[in-house]
Amino acid sequence: MSTTGATADPLAALGSLPGVAESVESVRKAVDRVYGHRIMRRRSNEITSEAALRGARGSAALSGADWALEEVRRRTDFSSDDEARTVGAALRLTAESGQLLSIWRQSPLRVLARLHLVAAADQGDEVGRPRRNGERVDEPLVELPLPDADEVAGRLEGLSQLIIAGGSAPALVTAAVVHGELIALRPFTSSNGLVARAAERIVLIGSGLDPKSICPAEVGHAELGRAAYLAALDGYVSGTPDGMAAWIAHCGRAVELGVRESAAVCEALQRGAA
């Protein structure tokens with residue numbers, strides 16, 4: 001995403017793209033409904049914990065480790081193979097995200113570095129810093145053109161400035177741009193998808209849209225499927241109004257599906273079945 005030009009608040013400007021306002025409103029209504037569920041008044045911590053587990057499972061699935069929820073729930077060793085390490089990284093990121101909310105608005109680049117460190121702690125001196133020219137990126141499921149390190153640095157700085165400056169953009173728009181930009185840039189040598197989805201979660205929580213973290217967009221992204229995810233990302237990378245609007249709408253639908261998942265958990269708890 002270009003962060004330069006005459007528009008004082010380019011994120012807010014995206015809210016005027018065709019269909020985006022409708023997506024924002026639809027997401028807000030869905031989130032309000034689940035927050036209004038009667039079970040939330042006394043068991044919200046359980047909903048939050050379950051949403052974290054399901055969100056981590058969904059993010060790992062999009063990075064190639066599509067495990068059943070019960071397998072994620074029962075496992076304790078996440079070091080045996082690549083898929084296990086991916087699931088373990090997704091779980092760690094979900095747990096870490098809630099600890100970084102206060103830092104995000106002041107130093108988003110510091111948060112991104114921390115997220116990568118959490119996800120890829122055993123991968124040498126590439127961990128926790130943007131990649132350099134010539135360093136290989138291990139993100140086999142994303143085949144978008146790879147920007148060079150200088151472009152990555154400039155665009156990360158631009159994104160950081162937008163976040164620090166704040167503005168009037170809806171939470172969904174900001175979350176979608178952060179997510180899309182990080183996948184487009186793949187600023188780290190590994191785990192970029194996991195980091196991007198964790199950053200999206202941080203925006204949704206920190207913005208106040210989902211303060212209890214019960215609306216796991218990662219669940220929705222996984223349910224919509226990898227093909228739809230990559231097609232929507234193509235739209236983001238194109239930079240066209242239609243492409244950007246389609247990506248934001250895709251992220252909105254993912255949040256709504258995450259809401260549906262947590263609403264089902266609320267219903268199960270209310271029935272005494274969970």
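1. Helix axes here are lines fitted to C-alpha atoms, for helices over the stretch in contact, and the angles between their N-to-C directions run from 0 to 180 degrees. The model is a predicted one, in which local features need pLDDT of at least 70 and side-chain atom pairs count only at pLDDT 80 or more, while totals for chains, interfaces and linings use all residues. Residues are numbered from 1 along each chain as its sequence is written, and side-chain values use heavy atoms, with hydrogens and water left out.

2. The axes of helix H3 (residues 40-62) and helix H13 (residues 241-271) come within 10 Å and cross at roughly 130°. That makes H3 oblique to H13, since angles under 35 degrees count as roughly parallel, over 145 as roughly antiparallel, 65 to 115 as roughly perpendicular and the rest as oblique. Helices are DSSP runs (H or I, at least four residues), numbered from the N terminus.

3. Where the two helices meet, with contact meaning heavy atoms within 4.5 Å, the residues of H3 include Met40, Ile47 and Arg54, and those of H13 include Glu261, Val265 and Leu269.

4. Arg201 lies in helix H10 (residues 192-206), and because its relative accessibility is 7%, Arg201 counts as buried (under 20% relative accessible area, exposed being over 50% and partly exposed in between, with a 1.4 Å probe and protein chains only). Leaving out residues up to four places away in sequence, Arg201 touches several residues, among them Ala51, Thr94, Ser213 and Glu218.
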